[in-house]
Amino acid sequence: QVQLVESGGGLVQAGGSLRLSCAASIRTFSSIIMGWFRQAPGKEREFVAAISNGGVRISYANSVKGRFTVSRDNAKNTVYLQMNSLKPDDTAVYYCAADRGRWGDYTVTLQNEYDYWGQGTQVTVSS
C-alpha cells in the first residue's frame with residue numbers, strides 16, 4: 001500500500017524558513033513525479049511545485065517562485081520543499097502527492113493527475 005507522510009510543518013514568523021519533507025513508501029519512487037499542493041482556510045487546494053522523477057524538470061506556482069525550492073532524494077524515497085521568505089499568505093495545509101503518469105508542464109499542476117496523497121502538514125506564518 002502506498003503511503004506518503006509529510007513532516008516539517010509548524011509555526012514561523014514572516015520572513016522565516018521551513019523545510020517540508022515527504023517520505024514515500026513506493027517501490028518505484030524514482031519513476032514517479034512528485035508534487036506539492038496547499039490549501040488555505042476557506043480556499044481551494046492549489047498547486048505549489050512539482051518535480052520530475054529524475055529531478056530534471058521542475059515547476060512552481062508563480063506565487064512561490066524565487067522563494068520555494070523543491071528537490072528529491074530517490075535513494076531515500078523523499079521529496080522536499082524548502083520554503084524561504086515565508087509570508088502570512090503561505091499559511092496552509094501542505095500536501096505532497098505522487099503522479100505515476102508522464103510529465104506535462106500543465107498537467108503537473110492539476111490535482112486530478114495525482115494518484116496518491118499524503119495527509120498534509122500545517123504551516124502557519126505569523127505577521
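# Briefing on an all-strand predicted model

Along its principal axes the C-alpha trace spans about 40 × 25 × 25 Å.

**Overall surface and contacts**

- Of the 127 residues of the protein chain, 43% count as buried, a class that takes in residues under 20% relative accessible area.
- The protein chain exposes about 6,700 Å², and carbon and sulfur atoms supply 44% of that area.
- Among contacts between residues at least 6 apart in sequence, 59% join residues at least 24 apart.

- Four strands form an open sheet in the order 1-3-8-7, with antiparallel pairing; its edge strands are strand 1 (4-7) and strand 7 (68-73), each of which pairs on one side only.
- From one strand to the next, the twist of this sheet averages 15 degrees.
- Strand 1 is joined to strand 3 by four bridges, the two strands running antiparallel, and within this pairing Val-5 stands opposite Ala-23 in strand 3.
- Strand 1 has a covered face, made up of Leu-4 and Glu-6, and an uncovered one, made up of Val-5 and Ser-7; in a regular strand the side chains alternate between the two faces of the sheet.

**Strand 5 and its two neighbours**

- Five of the six residues of strand 5 (residues 46-51) are buried, so this strand is largely enclosed by the rest of the structure.
- Strand 4 (residues 33-39) is joined to strand 5 by five bridges and runs antiparallel to it; Trp-36 stands opposite Ala-49 in strand 5.
- Strand 5 is also joined to strand 6 (residues 58-60), here by three bridges and again in an antiparallel arrangement, and the bridge partner of Ala-50 in strand 6 is Ser-59.
- The hairpin of strand 4 and strand 5 has six residues between the strands, and in this hairpin Gly-42 takes a positive phi near 75 degrees.
- The hairpin of strand 5 and strand 6 likewise has six residues between the strands, and there Gly-55 takes a positive phi near 85 degrees.

**A buried serine in a loop**

- Ser-52 lies in the loop between strand 5 and strand 6, yet this serine counts as buried, because its relative accessibility is 6%.
- Not counting residues up to four places away in sequence, Ser-52 touches Ile-32, Ile-33, Arg-57, Arg-72 and Trp-103.

**The largest nonpolar core**

- The largest nonpolar core holds 37 residues, of which Met-34, Trp-36, Leu-81, Met-83 and Tyr-94 touch the most other members.
- Two or more residues are given to this core by each of strand 3, strand 4, strand 5, strand 7, strand 8, strand 9 (92-99) and strand 11 (121-126).
- In soluble globular proteins, nonpolar side chains tend to be buried together.
- Leaving aside neighbours within four places in sequence, Tyr-94 is in contact with Glu-6, Leu-20, Phe-37, Arg-38, Val-48, Phe-68, Leu-81, Met-83, Gly-120, Thr-121 and Val-123.

- Ser-85, found in the loop between strand 8 and strand 9, has a positive phi of about 50 degrees although it is not a glycine.
- The relative accessible area of Ser-85 is 41%, and this residue is therefore partly exposed.

Technical notes:
Residues are numbered from 1 along each chain as its sequence is written. This is a predicted model: local features need pLDDT of at least 70, side-chain atom pairs count only at pLDDT 80 or more; totals for chains, interfaces and linings use all residues. Side-chain values use heavy atoms; hydrogens and water are left out. Buried means under 20% relative accessible area, exposed over 50%, partly exposed in between (1.4 Å probe, protein chains only). Two strands pair if DSSP finds at least two bridges between them. Axes are lines fitted to C-alpha atoms, for helices over the stretch in contact, and angles run from 0 to 180 degrees between N-to-C directions. Contact means heavy atoms within 4.5 Å. A nonpolar core is a set of buried Ala, Val, Leu, Ile, Met, Phe, Trp, Tyr and Cys residues joined through side-chain atoms within 4.5 Å. Accessible areas come from the Shrake-Rupley method with a 1.4 Å probe; for residues, only the protein chains shown count as cover.
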